[in-house]
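Here is a short report on charges and surfaces in a protein model. Keep the structure in view as you read.

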Amino acid sequence: MTLDKLPIGKSAVIIAVGGEGNLRCQLLDMGLIPHTEVTVRKAAPLGDPIEISLRGYTMTLRKDDASKIEVRPKEEV
Amino acid sequence: MVIALVGNQNSGKTTLFNQLTGSNQHVGNFPGITVEHIVSDIRGYKNSKLVDLPGIYSIRSNSGEGMVTRNYIIDEKPDAIINIVDATNIERNLYLTLQLIELGKPMVLALNMMDELQGNHGSVDINLLSERLGIPVVPISAAKNDGVDELIQLVIETANKKQKPRRIDFCSAGPVHRCIHTVSHVVEDHAENIGVPSRFAATRVIEADEDIIKALRLSDNELELIEHAVVEMETESVLDRNAALADMRYRFIEAVCMETVVKSSESKEQQRSINIDRVLTNKYLAIPTFIAIMGFVFWMTFDVIGQRLSDWLAMGIDWITLSVDTALTAYGLNPTVHSLVIDGVFAGVGSILSFLPIIIVLFFFLAILEDTGYMSRVAFVMDKLLRKIGLSGRSFVPMLIGFGCSVPAIMATRTLPSERDRKMTLLLIPFMSCSAKIPIYAVLTAAFFPNKGGIVMTLLYLGGISVGIIAAKILSKTVFSGNPVPFVMELPNYRMPSAKSVLMLMWEKAWDFIQRAFTIIFVATVILWFLQHFDVKFNVVPSDSTTSILSILGMWMAPVFAPLGFADWRLCTSLVTGLMSKEAVISTLGVLMNVGTDALSTALQGILTTRSAISFLVFALLYTPCVAAISTIKKELDSTVKTVGVVVGQCCVAWLTAYIVYVLAGMII
């Protein structure tokens, strides 16, 4: 599953970060690396971009870019 | 002694900078790019300067600001680095720290927002963190000015002792570790030649930093060795080179934080931000609230405070002008010099200075919106609208301000994180019809479209936006082709803005404008006065004369506008004076046609038809902005050639569009 498909309010663990060049480096620098847990907080009023939280902070990225990030949804406890 | 201040965006860097320095700031651009750095003396330390570098998350070469910081530290060799880190967001902040440590410069870590962390029952083992990182760590709260004195003492001491970071190696045994060490050995001599630590060179080379690879002048043989080591690492770690190094750094950080940081999972501030965002980025409320907030800012700026202050300032200037006028008459000064002082200098600079209150009031609100963190939310909410034209949500507010006044709008592009977005936004701002053009629309619609003023004005505004969209599409395919900077942005917690940084920003923008008002704009005013009051034989002529150089220029230009239907020299001349300010178009027309503003509408019916009035309106909407805006563009682009290009380009776009509209109108009317 990719990050853009993760339902709002759900958490997942990053498996792989795709994309290339600038975008990819920026995602890695912001801490979106394999094994990191992310939670989708909400989508912008126009449906895109999305708001996610990870490593104790909140950031936003576009769905297109989020679709390059492969995640494994966390099981409900 | 020079100290560089480096840190993430939203880490409180500007607040700390303002605490450490006095008011004698100097804003400079880095050569070649419009990324600014601010230099200022450090308060209480003679001959010590602090350089505020751009807020960044990483020093990779492919992010413009990151490259600036990296090059600054390598080339300018500051005596020490202060790395400011947000203690409430320590994991991501330390990522930059690890990269900076590799540069091997004396460095102190300023652990900011400790008050907030402690307020949430969190703590950091400062000594252990310092030991693990190998650099001194000072807990501070920049907003409350806690720990700032200790910080600067320690920084000066560290710089004096030239005390380098005690460790540069952050990897645990494994494929990444082996790869870095192999590459370090290969590049060692080359790194020494260009004056960077071999560990830094090695990680940069592994991350395929082309600038560094080129600078190192590695032989083919060495490049092959490196490639081999990297491929081996990628195979063994099952991560590619970039991910492997990011992973190595974050793993180290996670381990250190586990040992040293106690933090609640969700702080009060985070909870508060989530609650505020329930409204401000709510699916249904976000856009109405945004409109309400910006409406309030515009109302306050252009109606209530700003306009009132402008009026007062104008009254003050009028009073001074009158006093000087009377004094000069009493003194019996030569009438030409008298006219230069009163009609040229006082009238010109005076009308420009009346912008000042608007700039100050607008930046007061913008600084608050930026400092609280709301601007990031606007970018989040509006991003989808601007993505289609190759920009991000960040450009929305500057463009919106363009409808009020281009000058502060262009100044506001400064906060955009990428150079490409910044330049593209500032090129589009003049297409947003500014409020100074309203008198032009009002007079012409009164003359040609009575009772339809509202529709015509709306069409003009929409027309400007449409041309802007087309221009953006063309620009993003030509001048700004290539990869747009990705929209990956932090949404910081909402914070109370600090009065000091709001005031500093207002002062900086006001001072910047005043300087230009008395230099470029002053010169332009005097030139225009000269053209208006002299004929080609340098005899003084009255300002409504047909023989003034300006009138002759107008007649000369008239054929250019013949295809647009308005070849009357008076119209052309008024467009030239419109360079000074857009209101001047109407006042010049009044003077040249020898009628008051009331009778102007009727008089215009004599020289324009409905059809040519439309093309004149379109031209006035789109042609070059006023001299105050041009000088702001020049400041931001940092290039005279490019600025002239913008002005000429804009006139061409205006001419073409007006021509098309004129032809189309001919078919309909």
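## One turn of a helix

R251(B) and D247(B) are four residues apart in helix α11 (residues 241-260) of chain B, so about one helical turn separates them. Helices here are DSSP runs of H or I with at least four residues, strands are E runs of at least two, and both are numbered from the N terminus. The two side chains meet in a salt bridge (2.8 Å, N to O). A salt bridge is a side-chain nitrogen of Lys or Arg within 4 Å of a carboxyl oxygen of Asp or Glu.

R251(B) is partly exposed at 45% relative accessible area, whereas D247(B) is buried at 9%. Buried means under 20%, exposed over 50%, and partly exposed in between (1.4 Å probe, protein chains only).

## About the model

This is a predicted model: local features need pLDDT of at least 70, side-chain atom pairs count only at pLDDT 80 or more, and totals for chains, interfaces and linings use all residues. Residues are numbered from 1 along each chain as its sequence is written, chains are lettered from A and ligands numbered from 1 in the order in which they are written, and side-chain values use heavy atoms, leaving out hydrogens and water.

Over all chains, the count is 37 salt bridges. One of them joins R41(A) and E266(B) at 3.6 Å, N to O. This pair crosses between chains, from strand β2 (residues 37-43) of chain A to the loop between β9 (261-262) and α12 (268-280) of chain B. R41(A) is partly exposed at 24%, and E266(B) is partly exposed at 37%.

K423(B) and E419(B) form another salt bridge (3.2 Å, N to O). Both sit in helix α19 (residues 419-428) of chain B, four residues apart. E419(B) is partly exposed at 23%.

## Chain B as a whole

Chain B has 30 helices and ten strands. Of its 669 residues, 55% are buried. Its C-alpha atoms fill a box of roughly 85 × 55 × 55 Å along the principal axes.

Look at contacts between residues at least 6 apart in sequence: 72% join residues at least 24 apart. Contact means heavy atoms within 4.5 Å.
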